Amino acid sequence: MQATQGIGKPAKERGVSGRTFRAAAWLGWQIESNWADPLIFFIYSVIKPLSGAAILVVMYSVITNGAFDDPMFAYIYLGNAFYIYVAAVLTGVSWTVIDDREIYRMLKYIYIAPVHVPVYLLGRGFAKFAFGSLAVFITIAAGVYFLNVPLDLSLVNWPLFAVSLTLGIVMLAMMGLVLGSVMLLIVNNANFMGEAVAGALYLFSGAVFPLSILPGWLQPVGYIIPISYWLELLRRSVIGQVAESFPTFSQFSDIQLLAILAGLTALFTVLGFVVFRYCDHQAREKGYLDRYSNF
Amino acid sequence: MTLTDRVPKNSGWRLFLQTVVGRAYPRIIGLLRELSWFFFEVFLPVLSVAAYVFIYRAIGAEDVYIGFVVMGGAMTAFWLNILWSMSSQMYWEKQTGNLALYIMAPNSLMAILLGMAFGGLFSTGLRALVITLAGSLLFNVNFEVSNYLLLFAVFMLTMVALYGMGMMTASLFLLLNREAWHYANLAQEPVYLASGFYFPIKSLDFWVAAGASIIPLTLGMDAMRQLSFSGGAELGFLPVRTELMILVALCVVFLFGARWLLKYMERLAVREGRLTESRR
């Protein structure tokens with residue numbers, strides 16, 4: 001028994017998290033993609049986000065007579081494109097609970113397998129991250145080539161972009177773990193939770209309009225949402241000149257925003273595992289791991 | 001009562017009606033039993049409506065567009081109901097094992113679909129009403145209805161054509177398995193775009209808008225917007241009476257199409273043994 005704990009673990013068990021993550025990511029990839037041939041799946045993966053972006057483009061075009069050079073358009077378009085990650089990663093991690101408990105009814109088998117369950121959930125979310133990245137790339141490329149989104153690759157602050165993107169994805173994954181953990185305790189409405197959270201964050205994070213557009217009493221909500229800071233950093237790194245046109249976070253330097261994002265990522269990392277531990281215990285106590293609601 | 005006692009049973013049109021009522025009942029009563037679903041199904045569209053309203057405000061749109069968004073947001077409830085509770089319903093029934101029972105029972109599958117449509121129309125109508133009221137109150141939408149009778153006629157025809165379309169596509173889903181979920185998922189945003197849920201359909205290219213008119217909500221919403229908002233007529237795609245005639249044609253095509261396709265697909269599904277397969 002002693003040999004299986006701490007540094008005395010056999011080599012096989014020490015690598016359990018890595019193996020869990022890889023296997024979960026591969027499983028997630030297969031579940032998401034193997035229902036169709038690659039071409040249909042590719043079309044499926046990009047048509048939904050492109051349609052979402054096209055709705056905004058038409059709305060913008062109708063009102064402004066196609067003034068795509070205005071900084072507001074780039075603000076809306078890129079915010080919407082990067083928000084694809086929020087829907088993919090945050091809801092991707094949390095939806096795994098519904099997928100495995102209700103649809104495939106495999107959650108109980110995952111629990112009795114030699115895996116680390118939170119890492120398994122994160123691994124499943126990684127597959128969604130991969131598909132989300134494809135959608136983000138294609139959406140931005142379409143914006144640059146067809147709609148004059150002023151993205152000049154030589155002017156992109158790549159180090160800031162890479163650090164912001166990485167921190168943000170880790171933060172979203174951990175927020176997803178918090179949400180997924182809570183879903184372990186929700187039986188009847190769990191399938192709505194991911195959408196509700198993603199929808200609320202879309203509205204309050206300034207993804208598609210500056211926070212100053214919100215009524216005064218709602219603006220503080222935007223300032224306490226971590227995704228607002230993440231999107232601001234991404235905009236600054238990719239299209240700095242556009243971000244300067246909207247002074248929502250002008251009081252913060254890039255370093256200060258990065259520090260805030262890093263702090264929030266650390267907070268959600270701790271919170272993710274703590275909340276999971278609590279919810280996991282409660283779900284076992286109440287017998288929710290093996291409960292179907294036919295959602 | 002013993003097992004040998006005869007139980008009076010309906011047949012013919014009485015059985016048809018009984019089936020319609022029987023299948024509509026859980027849809028209506030479910031609304032009252034699971035109120036939290038009602039909350040989420042109103043709350044989520046209101047969030048989307050709010051986001052689109054603020055986008056319009058950020059780019060300085062006129063108030064009429066805010067009204068368009070609120071109406072579009074309310075109509076999403078009907079489209080989602082068609083996708084997830086009509087079209088893909090046969091897939092869900094297959095997953096839960098009910099589909100084989102529907103086929104075995106001495107009733108018409110068409111009556112079951114009609115029951116689902118009536119029940120869905122009632123419960124979704126209630127949701128759409130709440131979304132409209134919430135959106136109108138939150139964003140001060142001014143409705144200036146020019147012709148209530150015509151508005152009612154357009155709405156009813158849109159619903160008949162839409163649910164007819166739902167019944168028709170439901171038969172196609174008889175043949176699908178796990179891909180059903182993905183196809184239904186795929187038909188959300190592209191239809192929001194093509195049917196102009198959040199902008200006047202006139203903004204699209206004429207032929208794109210004409211093609212999208214196969215979805216009854218496209219012309220239905222356009223006509224309702226023309227009749228409900230001051231300045232709506234200027235943003236209309238076709239004259240209201242033309243749209244009304246096309247909706248009548250769509251009602252006929254979809255209802256007869258549903259009847260024919262359902263029989264054909266049922267035979268095909270039986271022949272290919274797809275009624276009980278369950279591949280998740």
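Student: In what order do the elements of chain A run from the N terminus on?
Tutor: In this predicted model, they run α-α-α-α-α-α-α-α-α-α-α-α. The totals are 12 helices and zero strands, where helices (H or I, at least four residues) and strands (E, at least two) are DSSP runs, numbered from the N terminus.

Student: How is the model to be read, and how is it numbered?
Tutor: Residues are numbered from 1 along each chain as its sequence is written, with chains lettered from A and ligands numbered from 1 in the order in which they are written. Because the model is predicted, local features need pLDDT of at least 70 and side-chain atom pairs count only at pLDDT 80 or more, while totals for chains, interfaces and linings use all residues.

Student: Why is chain A called as compact as a globular protein of its length?
Tutor: The globule rule (2.2 Å times the number of residues to the power 0.38) is set against the radius of gyration, taken over C-alpha atoms. For 295 residues the rule gives 19 Å, and chain A has 20 Å, which is close, so the description holds. Along the principal axes, the C-alpha atoms of chain A fill a box of roughly 65 × 45 × 40 Å.

Student: What makes A:Gly18 count as buried or exposed?
Tutor: A residue is buried if 20 or more other C-beta atoms, placed from the backbone, lie within 10 Å of its own, exposed if 12 or fewer, and partly exposed in between. A:Gly18 has 12 such neighbours, so it counts as exposed. A:Gly18 belongs to helix H2 (residues 16-33) of chain A. In chain A, 43% of the 295 residues count as buried.

Student: Which residues make the contact of H3(B) with H7(B)?
Tutor: Contact requires C-beta atoms, placed from the backbone, within 7 Å. By that test B:Phe78, B:Ile82, B:Met86 and B:Ser87 in H3(B) meet residues of H7(B), among them B:Leu162, B:Gly166 and B:Phe173.

Student: How many residues does each chain bring to the contact between chains A and B, and what classes are found on the side of chain A?
Tutor: Chain A brings 35 residues and chain B 32. H3(A) gives the most to the side of chain A that touches chain B, with 14 residues. That side divides into 26 nonpolar, seven polar and two charged residues; Ala, Val, Leu, Ile, Met, Phe, Trp, Tyr, Cys and Pro count as nonpolar, Asp, Glu, Lys and Arg as charged, and the others, Gly among them, as polar.

Note on methods:
Two residues are in contact if their C-beta atoms, placed from the backbone, lie within 7 Å.
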